[in-house]
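Dear colleague,

Please find the structure that I am handing over to you below. My findings on the chain interface and on the ligand sites follow directly after it.

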Amino acid sequence: MTVSKENIRGSHALLECLVAEGVDTLFGYPGGAIMPVYDAMYDYSEQLTHILARHEQGAIHAAEAYARIDRKTAVCIATSGPGATNLLTGLYDALLDSTPLVAITGQVLDSLLGSDAFQESDIIGASAPLTKWNYQISDAKQIAEVMRKAFYIANSGRPGPVLIDITKNAQIQILEEFSYESNKDNPKVNIRSYRPLPKVKSQDIAAAVELIDEAKQPLILAGHGVHIADAQDTLKAFAEKTGIPVSTTFHGLSSMPAGHPLYVGLPGMHGNYGPNFLSNESDVVIAIGMRFDDRVTGDLPRYLPDAKVIHIEIDQAEINKNVPATVAIHADAKQALEALLPLVAEKEYPEWLARFRECDKKEKELVIDDLVSTNEDGTLKMPQVMRMVSDKTEGNAVVVTDVGQHQMIGMRYYDFKSKDAWISSGGSGTMGFGLPAAFGAAYAEKQRAERTGKAARPVIAVVGDGGFQMTIQELGMCSQWEVPVKILLLDNNYLGMVRQWQQLFFDHRYSQVGLTNPDFVKISDGFGVPAERVSHVDQLNDAVDRFLSAETPYLLHVEVINEENVFPMVATGKSVAEIALTAEG
Amino acid sequence: MDLNAPEVDHDAQHSYTLTVFTENVPGLLSEVVSVFTRIKMNIDTLTVSASRIEGIHRFTMTIDCTKKLIDKITAQLEKKVDIVAAFAYLSHEVVAREIAMFKIDTKVLNDEKTKKELIDLHNPAVVEEHDNYAVLIKSGKEAKIQAMFDYLEPHDCIYEFVRSGRIAVVREMDPFSKRLDSMDKEFH
Ligand SMILES: Cc1ncc(C[n+]2csc(CCOP(=O)(O)OP(=O)(O)O)c2C)c(N)n1
Ligand SMILES: [Mg+2]
């Protein structure tokens, strides 16, 4: 259905585009250069809910998680100048973590561009390297075409953020005629310079099948692309037919349920022992929707020395970028897996799989058992807390994290049983992401529950004492919207991850990693978010119960021991096979 | 042209001519250049102009780097939404020329011996001649232009010297149209 309107202002036309694209939620912050759009929102309150963050960074991180949880394009909106520049960190985060986002920024009048007018910033120039595409609308007649393109580009191929800057004159300009055909109504947008969805080539599939069928010790590395393509079930079917062990990358996490007989955990710097230690022994690696980030490969020249690599990847620029592909399948992960599935042979690799289980056993005995157990003095450790939350939620929560040790602990100790359940800042490691992102995820869960009639999954924000303070003001957003974000603050009174590196690699010289923290419970209370603090194991069980049963946003402030380190670890410059289980090696 | 041909050493330095086809939208120059600045790479020459196809701009660049790197560069360029295609060629795969303009003191042309030598050796076109200065144009391979500059320089007569940077056509028949066709076939 094409929307057609007469005598409509640019600001209204812009909102018409959003509504036509199926957008019902905006995350943003108003200001001078975007006021006509905010004024128009008044007329669209039935169709569009605007969520007012406390800082534009909060708005965009919320939008990111909202987008990622069910793969739909999210919209955030800000004014010109500082409003727009406050979005930059989020754009960068969304670019690196392939998040479909349309950011709308106000801009000064067309006639003032280039004059250093009040709150004029060259946001097109500034955001160019941080966006998949951007464009400045300075005439309302461009709105329909540009918005159509924006939504198409943001959520096709490898998704990413798009920024649309709109000058104030274009917002107030009256269009005698306006019509808009949404991407839902007509998904085919023809942009000759942008062809996002490659066809699966049968010769590539045939070459891959041959390698797969002849493999002796194959390994699947399933990345973010599996989640983005909604290919989790296909991945599982493919793994079960071929019998190949599956390791999920940081962003692939929750694509295979924990405890699945073929699931062998995470590769990479703080991943599991097996997929690091054994990956260099695999003869065929099937990399699906992942980009061989340096956090995954360790020392690149010593990564996968003997493996033939089948790389399934939708972004051509990622193929042969870090690890050369023996067979490249330039395609959507789901389409590629669907093409492979009927052709591959049924196989099993009991001995190979047993070696992963041996590694698991070793990791459990040398690392995990101790960390999830109770200290004699009753002090608490992050893994112990995380494991309890995992058990009590039966692995069915959505976990959103900030960045640091607690993030690695969330990743390692939450046993995901449901898919689309892990949201964290990976490529950019943005501290401050956790709280606003958890809000966005919880809001999306709430909407999903309303849509499907199923219960919303609990959303747990795992944050550290450092990163929490970077966007702590978004407690206000949580309390205003009464979205039941469960904030699990794992407080080690340190910028823990940096402290860990200083301890291990900088000769224990702690430089600027100690924090004098505020009273988090009081702060939370001040925002109207109920909170409690625990520091002893005797308090933990009941506190976690209260935390999980709360129907409002809730802060559980857990004081954990200060100088725990995250292990295993593939230190920078080491080969993945040199993964250390403990500080002693 | 097959850059995957085995005789190309992937780790050795080569001189590449890049042709990049883009939509004609504002900001594209910096988009193209950012691919290079990001990796601290010098672009030796860069020219931008309209192409044969309406609405498509053509960038020609010369870059010294390895095959490994040029493949990554073309992939990063093509990843940009408004860039249609990027091709990298070795010297033998293109016909490349440059144009240079010299604004010189007219005294050089007034001296018969020097004038004759200049014309015989370098054969520039004299496009304007005034009492105090003259404008010469020389087109040819980069080395030829350099040679003319080297000849004039000792005469202490050059007021201005400007080079266009390399422009090139490729020996292959219409790779751009072929690419558009293959994109139609290979994408949904
Ligand atoms: C915006 C930003 N600044 C700095 C860093 C570097 N950094 C990574 S982890 C970390 C420490 C985080 O401390 P905290 O939030 O307390 O988490 P912990 O590691 O203690 O669990 C820092 C400073 C970052 N990732 N992001
Ligand atoms: Mg900390």
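Chain A and chain B bury about 1,900 Å² between them, and carbon and sulfur atoms give 52% of this area (buried area being the accessible area, with a 1.4 Å probe, that two parts lose on being put together, summed over both). Of the area that chain A buries against chain B, 37% is supplied by A:Arg192, A:Ser193 and A:Arg195, more than by any other three residues. This is a predicted model, in which local features need pLDDT of at least 70 and side-chain atom pairs count only at pLDDT 80 or more, while totals for chains, interfaces and linings use all residues. Residues are numbered from 1 along each chain as its sequence is written, chains are lettered from A and ligands numbered from 1 in the order in which they are written, and side-chain values use heavy atoms, with hydrogens and water left out.

The contact (heavy atoms within 4.5 Å) involves 23 residues of chain A and 21 residues of chain B. The rule finds 5 salt bridges across this interface, a salt bridge being a side-chain nitrogen of Lys or Arg within 4 Å of a carboxyl oxygen of Asp or Glu. A:Arg192 forms a salt bridge with B:Glu23, with the closest N and O atoms 2.8 Å apart.

A:Asn492 counts as buried because its relative accessibility is 3%, and A:Tyr494 counts as buried at 18% (buried: under 20% relative accessible area, 1.4 Å probe, protein chains only).

A:Asn492 also has a polar side-chain atom 2.9 Å from an oxygen atom of ligand 1. An oxygen atom of ligand 1 is 2.8 Å from a side-chain N or O atom of A:His406.

With kind regards

Technical notes. Buried < 20%, exposed > 50% of the residue type's maximum accessible area, 1.4 Å probe, protein only. Polar contact = N/O pair within 3.5 Å; in protein donor to acceptor, adjacent residues only side chain to side chain.
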